Amino acid sequence: MDLLAQILINGILLGGLYAVMALGLALVWGVLNIVNLAHGAFIMLGAYVSWHLYTYAHIDPFLGLPITAVVMFVLGYALQRGLLNLVVRAPMFNTLLITFGLEVVLTYLAQLAFSADFRTINPSYAGDSIQFGAIVLPLARLMAFGVAIVLTVAMWLFLLHTRLGRAIRATAQNLVAARLYGVEPRHLYAVTFGIGIGLAGAAGGLYGTVSQINPYIGATLTAKSFAIAIIGGLDNPLGVIVGGLFLGIVESLTALYIGPTFADVASFGVLVLVLIVRPSGLLGKTA
Amino acid sequence: MKALQIPAVLIALIVLAAVPWFGSDVLVQFGINALLLAVLAQGWNIIGGYTGYASFGNSVFYGLGSYGVGIAMVQWELPFAVGLAFGVVLSVAFAILLGIPVLRLKGHYFAIATLALAQVMTAIVSNVKIAGQNIGLVLPPLNNDLLFYELALGLLVVATLTIYWLSRSRFGFGLIAIRENEEGAAVMGVNTTLYKVLAFALSGVFSALAGGIHAYWVTFIDPESAFDISLNVKMIIMAVFGGPGTVFGPIIGALSLSAISEFLSSEITSIAGLFFGVVVVAAVVLMPRGLADMLRRFRTTGWRYFAENIKATRL
Amino acid sequence: MSAILEIKNVTRRFSGLVAVNDVSFDLQPKEILGIIGPNGAGKTTLISLISGTLPPSSGDILFEGKSIANMPAYQRARLGIGRTFQIMRPFPGLSVLDNVAVGALFGRGGGNAELARARELARAQLDFVGLGKNVDQRADELGGPGRKRLELAKALAMQPKVLLCDEVMAGLNLVEIDEVIDVIRKVRNEGISVLVIEHVIKAIKSLSDRLLVLHHGEKIADGDPETVLANQAVVEAYLGKRRA
């Protein structure tokens, strides 16, 4: 029983991180209709930004998150403004391909700049944990979970209650809507992509505190982010929390009861099932 | 085909077929790889280029074809040809059983569902005993690159003839109609579900055969390489780079990109992958309708061609 | 003579909203039936229910006496039901000729297997609707009026027994409207039954043998055009109640 509780807790803590990983992907997909295959690569870059801040400037990874997010926002804004805006009206294959090309480029650049070695962000409290009876809550994971939930909810409030957030949501329905809010669409697209990448960067910073990083983690993280975004559904920003927790718990349970090699079968199997049975996600409207 | 095209294609074919007799071993090995990739690009062309469904599941067909040959030859000691047939049967079964539910999904959702299926298949095969689990299978070696080369070329010819037939048959028109407007196709009498599944299966047959030939050639398969998603991405890039939904575009795309990437990895080994990524990004921006379209229209529009492409797709 | 198409108590709901509510009517062979109604009256939904792109929530639809309510759209097309779309959706990347050829390849009875023969039929159909000069253009290069005619030609190339027209006259000028009316009359004279949904009351009044009015998804009038248009409920539905 304690084991099951511990596994559930692990799944939930992992799920919070998953949620924020998928948040930016879901935003960019839902609003710009770009399925960003480079999303995981941006998470990876964010992790490296955090790692550099911690290793060379001794900035705590959690306190450094805003810096990481801003750096990644700027990168995202520039990429959308200078490159992706050139192809947003092209057929779906083309936007898929260009983001795949970006993924390749970013991965290689990261390999050249940071080498293929594994890195970890290990602040002094990395090994600490809180004990509740038989259940152990690793401190770093708990903090990452807390930050992830705060970020997701903050994002939700931003989209719902600010003028810019409303403009972004309106744009998801209709491009002309941006103009009604007095925002230039190219700028709005770039801001939205920038926010998506900023969130990916923050997710990367959190990821670096709980797991090892290297330049090749991107592709798997992209695949997981997809699964989460789809399970949660794209129309509700809080959906990623549901998707993230769901995937985190399913993966932890599968690894325990069926075997670690089946964890991916479970998560992607669930993804296929959700797509077939409820294409709009667990929280989405029924067709 | 226009009058000039038939002799041109025949001459190209004869030259390609003669490569093993005058080319070096390295060239022949490059050729086998490039020809198999061209088959994969053509296979993807059927479901992606003609039917408009961005399949990331074609690497599953490739993997099933590899394992069909692997299991038949290693575990059951059957001949290569039986293994190929077994792989094809597995692929068609997969296309029908999973195609029916998954082909109901549209656009990105279809792409992601097939991507997930590919991941699931990798993990399942890694746990299947007869497939050698995650260690893989070692096939009996056959040192006959000439045979593999001509087999790959023959398969490419069959795939291309199939697509040529597709481009001017009722079936092919049905697929194109589905790509252009699925609901419109249905109300005009196209059995969209049947056609999509058939296209998926046909696409799978060619991918499986390519996988089977490749498996016997390299004499080793494991789940990671047999179901490799990046191979699927390559098929898409090659088809789209050359011109999706055309008869020869994917071949041009596959052969030219294989040559570029071979050249890059021999000249600037460490950053070849980087250049490959840059080529893909530049191609999408500058020639979104593929090389075939560029070659056709560059003559009349000149450099304006690129500017017009950007103008057509930018925000 | 028995009806070729019978709509029996058909209802269609969209998550709570009733778009078509318990509507019944029939279409006789060689009849031109007009359906009018204000925006949101359920006209396009009705066509989608008959052509099979939407299933009805309840009720039955009979074609030549047999129920087709649960048949997929392509089977209904092969039985002989052709439709046009109000929001015109050609196959944008195909030539005008090939757009229509799809209808000839797949239409009633499974169509023609031969591409050359299908293109021949398509060419004839395009001449018939007045697009003979545009055969080689890409469909998405046609203007609005051209696309309306293309929609008609695509449906007619299927050799349908029943033609469902969804606002084929909207956005056309008076001359073009007269030309389309002429085409539809000729279609009927070839023995095809036509159901016309229209906003342009004047056009539909002269074209229809019979007129049916939908309002909020319900049938509020059905009869010969003169009588129906004089009906008080119809006038109110269109113009709103006069202020006292």
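Which helix of chain B does Tyr164(B) lie in? Tyr164(B) sits in α6, which covers residues 145-167 of chain B. A heads-up before the rest: this is a predicted model, with local features needing pLDDT of at least 70 and side-chain atom pairs counting only at pLDDT 80 or more, while totals for chains, interfaces and linings use all residues. On bookkeeping, residues are numbered from 1 along each chain as its sequence is written, and chains are lettered from A and ligands numbered from 1 in the order in which they are written.

**Around Tyr164(B)**

- Tyr164(B) counts as partly exposed because 15 other C-beta atoms lie within 10 Å; the cut-offs are 20 or more for buried, 12 or fewer for exposed, and partly exposed in between, with C-beta atoms placed from the backbone.
- Val247(B) is 83 residues away from Tyr164(B) along the chain, yet their C-alpha atoms are separated by 5.7 Å.

**Chain A on its own**

- Chain A has eleven helices and two strands, where helices (H or I, at least four residues) and strands (E, at least two) are DSSP runs numbered from the N terminus.
- In sequence order the pattern reads α-α-α-α-β-β-α-α-α-α-α-α-α.
- Along the principal axes, the C-alpha atoms of chain A fill a box of roughly 55 × 50 × 35 Å.
- Buried residues make up 55% of the 287 in chain A.
- Take the contacts in chain A between residues at least 6 apart in sequence: 77% of them join residues at least 24 apart. A contact here means C-beta atoms, placed from the backbone, within 7 Å.

**Where chain B meets chain A**

- Here 39 residues of chain B are in contact with 38 residues of chain A.
- On the chain B side, the elements giving two or more residues are α4 (80-102), α5 (107-125), α11 (229-242), α13 (272-286) and α15 (304-313).
- α5(B) gives the most to that side, with 13 residues.
- By class, the chain B side has 30 nonpolar, eight polar and one charged residues; Ala, Val, Leu, Ile, Met, Phe, Trp, Tyr, Cys and Pro count as nonpolar, Asp, Glu, Lys and Arg as charged, and the others, Gly among them, as polar.

**Where chain C meets chain B**

- Between these two, 22 residues of chain C are in contact with 18 residues of chain B.
- On the chain C side, α2 (73-79) and α3 (96-106) each supply at least two residues.
- That side of chain C divides into twelve nonpolar, six polar and four charged residues.
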